[in-house]
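Here is a short briefing for a first look. Start with the overall picture, then turn to the aromatic side chains.

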Amino acid sequence: MDELANKFKNKLGIGRSDRQDYYTYGGGQSPSPSWQGQQHQPPAYNSYQPQNYPAQSQPPYGHHNVPYSTAQDQYYGGGFAPPPLPTRPSPGPNTDDQGNTSYSGPPPVGPRPPGDNTHTGQDYGAQPPSVKPDTRPGPPQPVSRAPSQIQVAGSLFEPGMYPTPDLFPFPLSKYRVLDRTSEFSGNAIQQAIDELGPNATIYLPARTRWPVGCTLHLKPHQEIATLGYPTDENEMAWLEAQKGCTGHLLKATGAPGVRIRNILFDGGREKYGYAKTNDCIVQLGGQNGFNQVIDRCIIRHPRQWSCLQAFQGGENVRITNNRLGPAGYDEDAEDGGHWADGISYAAQNGLVAGNLVVDATDGGIVIFGAPGTLVTSNTIVTRTRMGLGAINMVDYGPHDGNYLGTRVVHNTIRVEGSYLKIGIGQGCSVWFTPPHDKPREYIRGAIVKRNLVTGPSSGTNPGRVGYAFPVSDVEGWTCVENEVAANVSFSGDMSEMSRDPREISIGPGAFVRAPSREGQGPKRDCEFQNDFVRGPISRLIAIRPGEPKYQVFWPGQIELGLGECIALQRVKLAFDGDGEVRLRIRGENGEERILWEAESRYHVGGRHDARLVFDRSSGHLVVLDGQGRSLFDLTPHLINPLNAEVALSISDKSPHLVLSALESGSVLWAPTGYEVGYQWSIGSGPLVYQIAPRFACVLVAGLTPLGHYVVLKSVGHPLVGPTMSWPPDERMWTVVWKSHEPSDHDGDPNCKIIFQGDANLVSLLAV
């Protein structure tokens with residue numbers, strides 16, 4: 001059994017000897033005697049050959065003839081052993097008719113250059129020295145934790161340490177080191193790319209800088225890398241966009257098999273400002289853009305919308321162990337901001353792993369469907385710039401909502417300084433205002449599991465977040481076993497968010513999801529962890545950092561003990577120590593005055609266990625005792641339970657306190673009054689309820705289907721709901737006022753009334 005298992009491991013390239021052989025390249029010896037004198041190439045790269053790969057044993061492009069052993073034929077014929085690599089050819093130079101020199105075999109590594117853009121000559125007849133071990137990343141290891149500190153959620157690998165055993169530290173079939181070029185510029189790089197053609201590696205000497213004036217275009221099956229594959233920023237070759245380079249800095253769309261490794265890319269935003277184009281620094285993917293790799297690169301300061309993009313049409317695009325950002329500025333910047341992504345990924349069946357994204361102002365990692373893609377062990381950090389979203393799954397296009405097989409697992413989101421609006425957004429209406437006149441767009445099929453949102457690793461100030469895991473219009477979706485650390489606080493100002501009851505959103509929180517109802521919210525075959533609180537979701541990115549001026553609460557989100565309060569910048573809803581519920585407002589001189597009292601203190605009776613609760617089951621705002629028994633109902637005129645989705649909003653501006661029914665748009669309770677401004681409009685259906693304790697009745701205002709606005713007074717204390725049938729029951733309601741005589745038409749459910757800028761109240765009927 002052990003022998004069969006070992007054969008299977010060797011077949012997959014995960015045997016112990018394979019890994020040891022890879023990581024000892026250049027310094028150690030292979031532990032297996034049968035591999036002496038050869039370097040082991042992982043089977044993952046042998047399983048695919050380029051379309052133009054020759055069938056005969058003679059390699060293309062005129063380099064040395066390399067015989068293959070019989071093990072190669074055995075591998076392709078179904079044998080268990082991985083194929084051996086050809087024996088290493090001598091590293092002599094090949095000179096073409098124009099005098100350009102290229103090489104086959106591993107590149108010789110010369111002494112370090114004395115400074116930027118210089119490199120000493122090399123003796124091409126000498127044996128090539130091994131790549132220094134300290135210039136290559138060592139064997140990636142999982143994050144080590146003591147047994148008592150093992151956490152389920154979060155990244156399994158530190159940034160830059162995700163395993164990439166198929167990326168060996170030597171070139172493709174031919175290579176060129178750009179150390180003797182007469183011009184250290186993007187033109188020299190493009191010339192080498194064009195001259196070498198496919199199946200070639202272009203090495204840039206370490207510690208060199210290359211100004212790039214226009215987009216570099218890679219050919220199929222090419223690699224571009226810093227010589228020696230260093231991971232230190234100061235050792236890498238730098239590609240720096242010049243002012244005229246407003247498009248992509250490096251483009252490899254449609255080029256299969258390309259590899260971009262250990263290079264620093266700077267888009268020039270800090271020098272040249274924002275460039276209004278639809279490009280990014282590095283673009284991969286696209287039609288025929290498959291089996292591409294970008295590994296251990298640094299990409300920062302894009303002048304456009306993203307650092308790195310994997311375009312739709314690509315497949316098996318692997319983005320691993322890179323450092324991305326800063327990217328863009330938020331809307332508070334002097335030039336208006338212009339956000340930018342870290343990674344924008346739309347390719348299929350790919351891998352995004354081990355990356356560190358710092359201060360990406362739009363999305364750290366934006367997943368555009370990307371069916372079949374694994375996104376894991378990435379770390380997204382907000383440090384000095386506000387971020388809209390760490391990981392975004394909010395776009396219907398370009399795959400028409402298809403996220404089947406997309407797995408976002410074991411990622412860490414760290415909020416260290418600046419504000420983060422959204423952790424992992426899931427569903428289109430998390431980002432956008434949902435439409436009212438057409439069906440919502442649903443995304444489907446992804447798994448979001450074991451991700452962690454945490455605060456700073458040191459210090460006492462918590463990380464400030466709006467929403468950690470918001471979920472809206474999804475189906476066939478899984479969001480389970482995710483965690484939020486104790487050093488994260490949820491806050492934000494909702495004053496710039498819509499106050500239309502049809503677009504109102506739940507307040508800040510860790511786990512929030514839209515309720516499932518016809519046409520919106522999660523659909524069938526969804527699995528969610530029990531931490532979720534249900535509430536409406538609409539364009540959550542409109543939330544702002546800072547002390548709130550407007551906030552919305554969903555049943556279950558309010559529970560205040562005696563002496564506690566909900567404080568905005570000016571208005572405070574307090575459950576005072578005497579048992580009274582009061583709404584206070586602070587004036588310009590800092591003094592507070594009482595706007596409204598509920599008169600609950602007469603019913604609390606000095607109980608110290610009393611709580612003010614926005615009850616999850618009934619939708620009422622009530623005072624309960626320690627056993628959950630009702631002491632006082634602030635909304636006694638409403639049916640119990642409401643059987644409707646309701647939200648309580650608190651605002652510095654009038655109306656200050658409003659209980660709304662979301663589906664109908666009715667205002668169920670506004671104890672401080674319900675004021676409207678110019679251009680306010682309301683259609684037939686939504687109502688405004690007010691309790692009139694002095695007259696022992698309920699007042700209702702609304703637009704009838706006949707097109708006139710009426711105010712009704714109840715007979716006694718009826719229990720009301722979010723809707724009313726027309727005409728009203730005369731035994732329960734009397735007309736106090738109406739805008740004009742009823743029309744002689746049959747009624748119009750689409751009529752509306754508008755409070756115009758000229759102070760006229762005008763009713764409009766649909767034509």
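What percentage of the residues of the protein chain count as buried? Of 767 residues, 54% do. The model is a predicted one.

**Overall build**
- The protein chain holds 8 helices and 57 strands.
- Among contacts with a separation of 6 or more, 68% join residues 24 or more positions apart.
- The accessible surface is about 33,200 Å², and carbon and sulfur atoms hold 49% of that surface.

**Aromatic pairs: Phe511 and Phe532**
- The structure has 10 aromatic pairs.
- In one of them, the ring centres of Phe511 and Phe532 are 5.4 Å apart, and the planes stand at 75 degrees, so the pair is edge-to-face.
- Phe511 sits in strand β36, while Phe532 sits in the loop between β37 and β38, so the pair ties together parts 21 residues apart in sequence.
- Phe511 is buried at 9% relative accessibility, and Phe532 is buried at 10%.
- Phe469, Phe511, Phe528 and Phe532 make up one aromatic cluster.

**Aromatic pairs: Trp596 and Trp669**
- Phe532, as noted, is buried.
- The rings of Trp596 and Trp669 have centres 5.7 Å apart and planes at 75 degrees, so this pair is edge-to-face.
- Trp596 belongs to strand β44 and Trp669 to strand β50, so the pair links parts 73 residues apart in sequence.
- Trp596 is buried at 15% relative accessibility, and Trp669 is buried at 4%.

**Arginines over rings**
- Arg300 lies over the face of Trp238, 5.3 Å from the ring centre.
- Arg385 lies over the face of Tyr329, 4.0 Å from the ring centre.

Conventions
Residues numbered from 1 in each chain as written. Predicted model: local features only at pLDDT ≥ 70, side-chain atom pairs only at ≥ 80, totals over all residues. Heavy atoms only, no water. Helix = DSSP H or I, 4+ residues; strand = E, 2+ residues; numbered from the N terminus. Buried < 20%, exposed > 50% of the residue type's maximum accessible area, 1.4 Å probe, protein only. Contact = heavy atoms within 4.5 Å. Areas by Shrake-Rupley, 256 points an atom, 1.4 Å probe, with all protein chains shown as cover. Phe/Tyr/Trp six-rings, centres within 6.5 Å; stacked < 30°, edge-to-face > 60°. Lys NZ or Arg CZ within 6 Å of the ring centre and 35° of its normal.
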